[in-house]
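Morning, everyone. Please put the model up on the screen. I'll talk you through a few spots in it.

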Amino acid sequence: MLSGYNRREPLMSPILHTPLCDLLRIDVPIMQAGMGNVAYGRMAAAVSNAGGLGSIGGIDIPPEEVDAEIKLFRSQSSRPLCVDLGFPANAPAGLADVQLPELPGPLRQLQKELGEHGVEVVPTTDQAISLADNKRKLEIALGHGIEVIACALGTPAWVVEACHAKGAKVMSIVGLAKHARSAIRNGTDIVIVQGTEGGGHTGDVGLITLLAEVLEFATVPVVAAGGLVKGAQIAACLTMGAQGAWVGTRFLASRESGSEDVFKEAVVEAGYDTTLRSQLFDGLHVRMLRNRFTEVWEGHEDELSPYPVQRVLTMPLKYAAMRANLKSHMSLPAGAGSGMINDLPGAAEVLARLVEETVEALRAVAKTVQYS
């Protein structure tokens, strides 16, 4: 489909265009979400080269890896890139500042079961905790001339100011209307409203309701996110007034995705109603696939700790299961649309398919709906 990395003419047919495309200098208004431990330079380049906006998930990797993944992207594409970073207001300075309780019962059980599978649990450094690390990652990204920074879990005014000073656009991922208002006040360029259907960190308001709420007052472009795996869903959001889509799980299940093969398989194998939204991942609400990692917490919700304590407690077990490719015990953040995903195409093909499906749905509506 692609004849070269540096093409600038539109790569998609049929054409799908909104003002967001002009703002971000992309061909189609579909963006690949910056998923932690999933979205790296290779997948981002495939999406950007195909006309969308590729993203690198920078929250869970150390600064030197952020630097390396940006360089990898630049070696494969000259098109716009987004780096997704996290700036939660309650993030401690570092792991040493997090006081840990005794390991709760569910995690002791998981540790025991991992041992029975021959999996060793070792301490790990959690890059999502340190505010200093995330500031350093922002400096690295802006030093590379990154075109877009996505802010998850909060959009501080100082981040917006730093980005604008370097000519970068800022996108704010929000799960509540009040968070969208705050981000707009702080100067964000784009608001991504993520409904509860989304994988990873997500609120409890459905996408259609949240999108309608934010569109009533937004003074910047609004992008839809949360459970979007089909073009018909994107078309519905565009008819409401969204200017684009932020898509995660559908790209997770692609060949260039950095997730483990067993993770991709779990998404493809997932049925309907197989996700769970809980605080067990890190103390914040996260949607994930149900498996043994989630099952051990059933009936033990009172043993959950708030963020960031829950994150620090669970991280060594998550990484141990991930290193061992033990699908049953891995944490598998994924959206509610997983049940509609049944293959593992390339990321460029995912984007092309979404564009075609979206245009087909919009054309079908124009043919079937009459109004005067």
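Start at Pro308, in the loop between α12 (292-295) and α13. Helices here are DSSP runs of H or I with at least four residues, strands are runs of E with at least two, and both are numbered from the N terminus. The peptide bond from Tyr307 to Pro308 is cis, with omega near 5 degrees. Now go to Arg25, in the loop between α1 (19-24) and β1. Its phi is near 60 degrees, a positive value in a residue that is not glycine. Most residues other than glycine have a negative phi, and most peptide bonds are trans.

A word on where this comes from. The model is predicted, so local features need pLDDT of at least 70 and side-chain atom pairs count only at pLDDT 80 or more, while totals for chains, interfaces and linings use all residues. Residues are numbered from 1 along each chain as its sequence is written, and side-chain values use heavy atoms, with hydrogens and water left out.

Next, the sheets. Eight strands make an open, parallel sheet, in the order β1-β9-β8-β6-β5-β4-β3-β2. Two strands pair if DSSP finds at least two bridges between them. Which strands stand at the edges? They are β1 (30-32) and β2 (54-57); each has a single partner strand, so one side of each has no neighbour in the sheet. From one strand to the next, the twist averages 25 degrees. Look inside this sheet at β4 (residues 148-152) and β5 (residues 169-174): they run parallel, joined by four bridges. Cys151 has Ser172 of β5 as its bridge partner.

There is also an open sheet of three strands, β7-β11-β10, with antiparallel pairing. Its edge strands, β7 (200-201) and β10 (275-278), each pair on one side only. Two bridges tie β7 to β11 (residues 286-289). Gly200 has its bridge partner in β11, and that is Arg287.

On to helices. Helix α3 lies across β2 and β3 (81-86), and runs at about 165 degrees to β3. Angles go from 0 to 180 degrees between N-to-C directions, and axes are lines fitted to C-alpha atoms, for helices over the stretch in contact. Contact means heavy atoms within 4.5 Å. Helix α3 (residues 63-76) also packs with α2 (residues 41-49), at an angle of about 35 degrees and with the axes 8 Å apart. From α2, the contact uses Gly41, Arg42, Ala44, Ala45, Ser48 and Asn49; from α3, Glu69, Leu72, Phe73 and Gln76. By class, that is four nonpolar, four polar and two charged residues. Nonpolar covers Ala, Val, Leu, Ile, Met, Phe, Trp, Tyr, Cys and Pro; charged covers Asp, Glu, Lys and Arg; the others, Gly among them, are polar.

Last stop: the second largest pocket. A pocket is an open set of points on a 1 Å grid over the protein atoms alone, where a 1.4 Å probe fits, with protein on both sides within 12 Å along at least five of seven lines; lining residues have an atom within 4 Å of a point. What lines this one? Eleven nonpolar, two polar and one charged residues. Helix α13 (residues 309-323) gives the largest share, five residues.
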